[in-house]
Amino acid sequence: MSLFITSLNSGSNGNCYYIGNDSEAVLIDAGISCRETEKRMTRLGLSMKKVKAIFISHEHSDHIRGVEVLAKKYRLPVYITPGTLTHGGLSLDAQLVVDFNPYEAIPVGSLSVTAFPKHHDASEPHSFVVSGNAVTIGIFTDIGAPCEHVVRHFQQCHAAFLEANYDEEMLEKGRYPYYLKNRIRGGKGHLSNRQALEIFTTHRPAFMSHLLLAHLSRDNNNPDLVQALFDQHANGTQIIVASRYQETAVYAISAANSGETVVTTPLPVITAEALQGKLF
């Protein structure tokens, strides 16, 4: 039994992550349009009919841009804190809005979603772990500092989306104004490649089969640089750099009875024509 995961988009232009099993799924953040979300899922052979809920990490536009239309069209509950709802200026059907508390597991069918606080310059920012089929997936982006919450949950993950936002030298020498550089690296902004690598090398569990590096800066990072850096320390974990321009493949994450993860290969990208209307 597996959980299936993909990054539909990852970056300051929009963030949306899919985690599901054979019968239900959740979206973590909805930062691209409803139309683009549908288009990318169709290309991957995924169906919105299986999505049962949307979880919102914080109110920045690259995480909420598509949530109003998605929730309305598919009548999806949106798990969001009151502060995030208010500061995001979202207009959602009150019947679809569900508050959540950190550390309390939320059942979504046979999936379980747990939120925990993180350091970021937003009103009530949270990260999430999604569990099911004896597998745990972490979504750790928009993190200003690698706090003990991140470390503890990362250590439980069979696969994770982990922010690697900027290369420290590229940020320092880049065109951003000084105040923005300090916002990014100031403890409530984003994780650098070095910080993300330290989390991975120091706290990676032996059973982690996949690491998807997320939320790369367009101006202050380079996908090839990040891929090469983490590949040197992979030790059997498959490293994938999530794109800000397109979806990744779908990855099947499984846990063997021994507790070790079976390293799996990406599912093939399937076109709508090939599926002939049979989306899974």
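A disulfide is taken here as a pair of cysteine sulfur atoms within 2.5 Å, and under this rule zero disulfides are counted. The model is a predicted one, in which local features require pLDDT of at least 70 and side-chain atom pairs count only at pLDDT 80 or more, while totals for chains, interfaces and linings use all residues. Residues are numbered from 1 along each chain as its sequence is written, and side-chain values use heavy atoms, with hydrogens and water left out.

For C157, the closest cysteine sulfur is that of C147, which lies 13 Å away and is therefore too far for a bond. With buried defined as under 20% relative accessible area, exposed as over 50% and partly exposed as in between (1.4 Å probe, protein chains only), C157 is buried at 0%, and C147 is buried at 15%.

Aromatic contacts were then examined, rings of Phe, Tyr and Trp (its six-membered ring) being paired if their centres lie within 6.5 Å, and the planes being called stacked under 30 degrees apart, edge-to-face over 60 and tilted for the rest. A search of the whole structure returns seven aromatic pairs. One of them joins F116 and F140 in a tilted arrangement, with 6.0 Å from centre to centre and 50° between the planes. This pair links distant parts of the chain, since F116 belongs to strand β8 (residues 111–117) and F140 to strand β10 (residues 135–140), 24 residues apart; helices (H or I, at least four residues) and strands (E, at least two) are DSSP runs, numbered from the N terminus. F116 is buried, at 0% relative accessibility, and F140 is likewise buried, with a relative accessible area of 0%.

Helix α1 (residues 34–44) packs with helix α3 (residues 67–74) at an angle of about 70°, their axes being 8 Å apart, where axes are lines fitted to C-alpha atoms, for helices over the stretch in contact, and angles run from 0 to 180 degrees between N-to-C directions. Helix α1 is therefore roughly perpendicular to α3, under a scheme in which angles under 35 degrees are roughly parallel, over 145 roughly antiparallel, 65 to 115 roughly perpendicular and the rest oblique.
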